[in-house]
Amino acid sequence: MATVTMTVNGKSVSGEVEGRTLLSDFVRNNLNLTGTHIGCDTSQCGACVVHVNGKAVKSCTMFALEAEGSSVTTIEGMANPDGSLGTVQQAFQDNHGLQCGFCTPGMVMSAAALLEENPNPTETEIREYLEGNICRCTGYHNIVKSIQAAAAAA
Amino acid sequence: MVHIFPENLSSALASMEIPAKVIAGCTDFYPSLENGHVPDRIVDVSKVDEMVGITKTTPGWRIGGSTTWTKIIDYPFPPAFDGLKAAAREVGSIQIQNTGTIAGNICNASPAADGIPPLLTLDAMVEVQSADSTRLVNVEDFVLGPRKVDLGTNELVTAIWVPETRNNTTSSFLKLGSRKYLVISIAMVAVTLSISPQGLIEFLNIAVGSCSPVARRMPVLEKKLTGLRAEDLLDDIRIEVGDLTGLTPITDIRGTSEYRQSAVRELCQSTIRDAIVKSLEIT
Ligand SMILES: Cc1cc2nc3c(=O)[nH]c(=O)nc-3n(C[C@H](O)[C@H](O)[C@H](O)COP(=O)(O)OP(=O)(O)OC[C@H]3O[C@@H](n4cnc5c(N)ncnc54)[C@H](O)[C@@H]3O)c2cc1C
Ligand code: FES
Ligand code: FES
């Protein structure tokens, strides 16, 4: 076991992890931030996307130890300080951008990273950016609409 | 489990003197772990200073081995690198490009590695270092077979070198998959070429991936088309079976051998045309 320290959603946290502990397991099991979902074991589905130092990464594709000293944002960090939904989250709710919701944390994190890079994406750019996020419910249509709405609202 | 995070090259190379599993972006590493069994000793090279980033020097470009695909996409390379950038955009998805590295792609040595065909057409070389030696190997000679590269247990791929290209060089990369996104190639083709002021093909490098154990250059076809009028090739590029040498496409879940055989010809034509169109645009 080793101790890992990082900033998660603005707070400094540390925990005891095994060398093989994935960042996704660390945030879920050690920090109880279960908004980050795990949908596969092949780094394909994107349910586990978080931001590490501002970049969207699949947290199942990183050891917790590799995030030592990093600044990590999870879906829980997307809410406003008063606990109300952040812009992207609100847009997903308003536009019915989810059905079962399993993919949603990853979708929101990818969408936020996209809007950070490109505040006014076209539909094609949105669809391209979401290539690493798989949704089995919505057919993506309302997800795209939600992100367009979030862009307009920002 | 011992997990080592060297921050400079000399400590990275020193830590390789005891056998270890190298990891960088881990995007090949995790999905291939069997039963979650993690090797006992891991050296993470993703933060080794000398292995991250791109520099332009007199003999050419040095792309650090741990440079991510996202960094390659964002770098202001000349048009000769358009093919490599296009391949970078095809590696998995944005999140995979944010962590996956160029050396990881080469060392994993998948027949379907998207990074390899463009590097073959750029005559790229792999910089391999150990604590007491440095050598440069052509990508062609470095990748020996599926999952097999010319790398000693104490060596790291520290950089990829791309020699200086002529000003008017353009390149292109096309990948055929069974859907548009997040897909492993059925076949892919990279082309790098230049056109003379007289409108003739000055040089033409073509590489095909996913149709043989290791991606290969197509010397017969290159020779056949060099010297021809570029504009004529926009209308008609004759490719006979004998022009594509050394391809042994397999039948697997992604496509049959026959399908790959015919698709690759079509894909070669489209990629060559695409590079010609780009070249005519910049001249
Ligand atoms: C969902 C998904 C989709 C993907 N899609 C594609 C795709 O479309 N096209 C494609 O080509 N690839 C694809 N990949 C594979 C992978 O993302 C790329 O090959 C990537 O470039 C690997 O880089 P990495 O840094 O993550 O390698 P790692 O997983 O860290 O390492 C890969 C191998 O290389 C070795 N290695 C890494 N760096 C060095 C070094 N500097 N010196 C010596 N050895 C080293 C490691 O020991 C390991 O054996 C995909 C992966 C995933 C998870
Ligand atoms: S859990 Fe599926 S990509 Fe991470
Ligand atoms: S809403 Fe169910 S997987 Fe996307």
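Modeller: Happy to, and bear in mind that this is a predicted model. Let's begin with a helix crossing: H2(A) and H5(A) cross in a right-handed way.

Biologist: What makes the crossing of H2(A) and H5(A) right-handed?

Modeller: A crossing is right-handed if the near helix is turned clockwise from the far one by less than a right angle. The crossing of H2(A) and H5(A) falls on that side of the rule.

Biologist: Why is H2(A) called oblique to H5(A)?

Modeller: Helix H2 (residues 87–94) of chain A packs on helix H5 (residues 141–153) of chain A at an angle of about 135 degrees, and their axes are 8 Å apart. Roughly perpendicular covers 65 to 115 degrees and roughly antiparallel means over 145, with the rest counted as oblique. H2(A) is therefore oblique to H5(A).

Biologist: Which residues of H2(A) and H5(A) meet?

Modeller: From H2(A) come Thr87(A), Val88(A), Ala91(A), Phe92(A) and Asp94(A), and they meet Ser146(A), Ala149(A), Ala150(A) and Ala153(A) of H5(A). By class, this contact of H2(A) with H5(A) has six nonpolar, two polar and one charged residues.

Biologist: And why are H2(A) and H3(A) called oblique?

Modeller: H2(A) packs with helix H3 (residues 104–117) of chain A at about 125 degrees, with 9 Å between the axes. The roughly perpendicular range is 65 to 115 degrees, and roughly antiparallel needs over 145. H2(A) and H3(A) are therefore oblique to each other. Their crossing is right-handed. Val88(A), Gln89(A) and Phe92(A) of H2(A) make the contact with Thr104(A), Val108(A), Ala111(A) and Ala112(A) of H3(A). In this contact of H2(A) with H3(A), five residues are nonpolar, two are polar and none is charged.

Biologist: How do you know that the radius of gyration of chain A agrees with a compact globule?

Modeller: For 154 residues, a compact globule would have a radius of gyration near 15 Å; chain A has 15 Å, so the two agree. Along the principal axes, the C-alpha atoms of chain A fill a box of roughly 45 × 35 × 25 Å. Chain A has five helices and five strands, in the order β-β-α-β-β-β-α-α-α-α from the N terminus.

Biologist: How is chain A divided into domains?

Modeller: The domain assignment gives domain 1 (2–77) and domain 2 (87–153). Taken over C-alpha atoms, the centres of these domains of chain A are 21 Å apart.

Biologist: How do you know that domain 1 of chain A and domain 2 of chain A are in contact?

Modeller: Residues count as in contact if their C-beta atoms, placed from the backbone, lie within 7 Å. By that rule, 14 residues of domain 1 of chain A are in contact with 11 residues of domain 2 of chain A. On the domain 1 side, the largest share is three residues, from strand S3 (residues 49–52) of chain A. That side of domain 1 has seven nonpolar, seven polar and no charged residues.

Biologist: What about chain B, where it touches chain A?

Modeller: 18 residues of chain B are in contact with 19 residues of chain A. Helix H4 (residues 94–99) of chain B gives the most to the chain B side, with five residues. That side of chain B divides into nine nonpolar, eight polar and one charged.

Technical notes
Residues are numbered from 1 along each chain as its sequence is written. Chains are lettered from A and ligands numbered from 1 in the order in which they are written. This is a predicted model: local features need pLDDT of at least 70, side-chain atom pairs count only at pLDDT 80 or more; totals for chains, interfaces and linings use all residues. Axes are lines fitted to C-alpha atoms, for helices over the stretch in contact, and angles run from 0 to 180 degrees between N-to-C directions. Helices (H or I, at least four residues) and strands (E, at least two) are DSSP runs, numbered from the N terminus. Angles under 35 degrees count as roughly parallel, over 145 as roughly antiparallel, 65 to 115 as roughly perpendicular and the rest as oblique. Two residues are in contact if their C-beta atoms, placed from the backbone, lie within 7 Å. Ala, Val, Leu, Ile, Met, Phe, Trp, Tyr, Cys and Pro count as nonpolar, Asp, Glu, Lys and Arg as charged, and the others, Gly among them, as polar. Domain bounds come from an automatic or database domain assignment. The radius of gyration is taken over C-alpha atoms; the globule rule is 2.2 Å times the number of residues to the power 0.38.
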